Structures are given as structure tokens and as C-alpha cells.
Amino acid sequence: MTRIHRDATELVFDDVFLELPDVLPGSRVILKIEGLNPAGSIKFKTALGLVDSVERDGRLRPGGRIVESSSGSLGVALSLVCAQRGYRFTCVVDPVTNPQAIEHMRAMGAEVLTVRDRDENGGFLATRIRLIERLLREDPDLVWVNQYANPANPGVHARLTARSILAAVPHVHYLFVGVGTAGTLMGCVEAFRRASPATRIIAADSVGSVTFGQAPGPRHIPGLGTSRHPEICDPTAPDDLVRIREIDTIRECRELSRRIGLLVGGSTGTVVRAIRGYAERIPPGSTVVAISPDFGDRYLSTIYDSDWVERTYGLSPAEPLSPSETVMRS
């Protein structure tokens with residue numbers, strides 16, 4: 001039945017799944033596709049949850065101003081939600097943020113501030129947050145939705161993302177989730193521990209990220225990993241952790257896109273590579289679900305640009321994949 005929606009924020013596409021052939025012989029691998037949401041990613045739901053939460057608690061008044069730190073996708077999503085609801089939005093980004101994402105935010109009326117100084121772990125997240133804290137001191141009416149500590153972030157993914165997987169795919173044996181702020185991961189953990197406790201939840205993170213307590217290192221692809229531990233993340237929550245080098249994320253993205261005809265983003269390449277790295281632990285006949293947060297159109301000048309890859313990593317994107325590093329949690 002055709003449904004006419006009242007506004008863009010109602011357009012959540014939470015029921016699109018794609019089966020991937022040949023990733024795990026003898027088992028089913030299913031991608032939950034999130035790139036069809038408005039703003040082009042799973043972060044659309046995060047943005048809705050965060051803005052709803054500050055409206056409910058009375059901190060955000062009509063015509064108010066929101067500030068948030070983002071590596072790109074959440075900033076685009078918050079720009080959309082703020083434009084639709086009549087709020088002003090300031091997004092703090094860094095030099096790794098995709099220029100296309102910045103243009104997208106500005107096109108919807110957002111103010112974009114870029115920090116340049118790296119933080120103590122070699123990334124930019126702590127620097128972005130220090131700027132937000134300064135802005136809050138200067139303007140008491142400014143509202144930080146704070147994706148890193150706000151329980152509304154995992155809450156919306158428990159209520160929507162995890163519930164839609166549980167409704168669409170019976171008997172999920174393994175769920176692979178890429179980790180940035182950990183909102184999607186923690187929401188899925190909450191919902192699956194309650195409704196499907198036998199499902200093993202595997203976190204996929206980037207080498208160089210400090211989210212799970214590993215050593216910091218340089219990262220160049222936005223979306224996955226952090227240089228500062230997010231408050232909402234419990235590192236012991238997932239059953240296992242698989243860490244992927246960025247060059248292997250790139251190789252997986254390019255191979256996957258050419259094989260299935262779907263231009264995937266960096267987080268998708270990471271979770272699919274994590275499944276391959278974890279394959280020996282997955283019995284034949286299993287059903288594996290992985291969350292694909294966005295498509296690859298925002299990565300054409302990075303992941304899909306061979307010159308950029310060779311300049312950035314000193315490696316060819318065509319070389320074979322390297323072994324992943326799996327950290328057992330149980």
C-alpha cells in the first residue's frame with residue numbers, strides 16, 4: 001500500500017536486507033542496508049533519537065541551537081533533522097571529514113567549524129569536543145546532543161535497528177556491527193541479549209582506534225573507530241572484537257562493490273572483512289547478519305581513488321588482504 005509521509009523525518013527505511021553470496025561458504029550472510037535512509041546513512045536514526053531526547057527533557061526550545069561533533073554522517077543527518085524542525089545547527093568536524101559531507105551540511109543551513117590540531121592520541125575527536133565545551137561556556141543556550149554519552153543513541157538502535165533485524169531474520173547466529181561512537185553496537189547488544197541471547201555479537205573496529213583499549217594509531221577513513229573512548233561504550237559488551245587495518249577495509253570495499261554492484265562505504269567493508277577474518281569460528285549452516293551503515297558515494301575521492309590510497313598508505317589497493325586481528329572476549 002502506498003503511504004504519503006508528512007515530512008522527511010518519517011522516511012526511515014529499516015526493512016531492506018541483501019544476501020551476500022560467497023562470503024562464507026555453507027552459511028548465509030545478510031547485509032542490513034541503511035544507506036537508503038534520508039541523509040544517506042544509519043545516522044539518520046541516531047539524529048532523530050538525539051534530537052527527540054533533548055526536546056523531551058526541555059533543554060531544546062523552539063528555534064534553539066544544537067551543536068555536535070561529527071566525522072560526517074551524523075552531521076549530515078542532524079542538518080536534515082534541524083532544518084525540518086526549525087533549529088539552528090553547528091557541526092564541529094576535522095580535516096578527515098569528507099568535503100562532500102561538509103557541503104551537504106551547509107546546503108541544509110548548518111554552520112560547520114573545522115578543528116586542525118590533533119589530540120593526544122593522534123586523532124581529532126578530543127580536539128572537537130574541547131571546542132564544543134568552549135562554545136557551551138560562551139553560549140549557555142547552546143545544546144550539545146552528545147552522541148558519545150547520550151543514552152538516546154543506543155536507545156534508538158535498540159528500538160529500531162535491532163528490532164527490525166529480529167523481525168526480518170529468524171535465528172541470527174552471529175551479528176557483526178562496526179563501531180564508531182558505539183551507539184548501534186550497544187543498542188543491538190541491549191535488544192539481542194533480551195530477545196535473542198544465543199546470538200553472538202561481534203564488534204568490528206579499526207586498527208588505531210582506542211575504543212576497546214588498544215593502542216592509538218593513524219586513521220584516515222571517517223566513520224569507524226575513535227581517538228577518545230565514548231562514554232556509552234562498554235568494551236566488555238560484545239562477545240568478540242575483530243580489528244581491521246584500513247587498507248584491508250579499502251580492499252574489501254573495492255572487491256565487494258565490483259562483485260555485487262553496490263558501492264559500499266568504509267564501515268561496510270570493515271564488517272564484511274571482519275566476517276571473513278572470523279570465518280573459522282563460524283560453523284557451517286549459520287546465519288550471519290552484518291549492518292551496512294551507508295553507501296560509498298562519499299568515499300569516491302578516498303577509498304575508491306587509487307592515487308589517494310597509494311599516497312596515504314604507500315600500498316596498492318590491489319594487493320591481497322592481510323590477516324585480521326581477533327580479540328576474544330569470552
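Mentor: A residue is called buried when its relative accessible area is under 20%, exposed when that area is over 50%, and partly exposed in between. Please keep in mind as well that the model is predicted.

Strand S2, residues 28-33, runs parallel to S10 and is paired with it through 6 bridges. Within that pairing, alanine 290 of S10 is the bridge partner of leucine 31. Strand S7 is also joined to S10 in the parallel sense, here by 3 bridges. In this case valine 288 of S10 is the bridge partner of tyrosine 174.

Ring pairs link Tyr174, Phe176 and Tyr278 into a cluster. In general, a pair of aromatic rings is described by the distance of the centres and the angle of the planes. The structure holds 3 aromatic pairs. In one of them, phenylalanine 176 and tyrosine 278 have ring centres 5.8 Å apart and planes at 80 degrees, so this pair is edge-to-face. Phenylalanine 176 belongs to strand S7, residues 174-178, whereas tyrosine 278 sits in the loop between helix H8 (266-277) and S10; the pair therefore ties together parts that are 102 residues apart in sequence. Phenylalanine 176 has a relative accessible area of 0% and is therefore buried. Tyrosine 278, at 1% relative accessibility, counts as buried too.

Aspartate 294 is buried yet has no salt bridge; arginine 298, the nearest side chain of opposite charge, is 5.1 Å away. A salt bridge requires a side-chain nitrogen of Lys or Arg within 4 Å of a carboxyl oxygen of Asp or Glu. Leaving out residues up to four places away in sequence, aspartate 294 touches several others, including Gly35, Gly40, Ser73, Gly265 and Tyr299.

The partner strand S2 also carries a charged residue that deserves attention. Lysine 32 forms a salt bridge with aspartate 14, with 2.6 Å between the closest N and O atoms. Lysine 32 lies in S2 and aspartate 14 in the segment before strand S1 (17-19), so their pair ties together parts 18 residues apart in sequence. Aspartate 14 and lysine 32 are both buried. They also belong to a network of salt bridges that links Asp14, Lys32, Glu34 and Lys45. In total, the structure holds 22 salt bridges.

An open sheet is formed by 4 strands in the order S5-S4-S3-S6, with parallel pairing. Its edge strands are S5 (111-114) and S6 (143-144), each of which pairs on one side only. S5 is joined to strand S4, residues 88-93, by 4 bridges in the parallel sense. Cysteine 91 stands opposite valine 112 of S5.

Glutamate 111 and arginine 65 form it, their closest N and O atoms being 3.5 Å apart. Glutamate 111 is in S5 and arginine 65 is in strand S3, residues 65-69, so the pair ties together parts that are 46 residues apart in sequence. Arginine 65 has a relative accessible area of 19% and is therefore buried, because the limit is under 20%. Glutamate 111, at 37% relative accessibility, counts as partly exposed.

Conventions
Residues are numbered from 1 along each chain as its sequence is written. This is a predicted model: local features need pLDDT of at least 70, side-chain atom pairs count only at pLDDT 80 or more; totals for chains, interfaces and linings use all residues. Side-chain values use heavy atoms; hydrogens and water are left out. Buried means under 20% relative accessible area, exposed over 50%, partly exposed in between (1.4 Å probe, protein chains only). Lys and Arg count as positive and Asp and Glu as negative; His and the chain ends are not counted. Contact means heavy atoms within 4.5 Å. Rings of Phe, Tyr and Trp (its six-membered ring) pair if their centres lie within 6.5 Å; planes under 30 degrees apart count as stacked, over 60 as edge-to-face and the rest as tilted. Helices (H or I, at least four residues) and strands (E, at least two) are DSSP runs, numbered from the N terminus. Two strands pair if DSSP finds at least two bridges between them.
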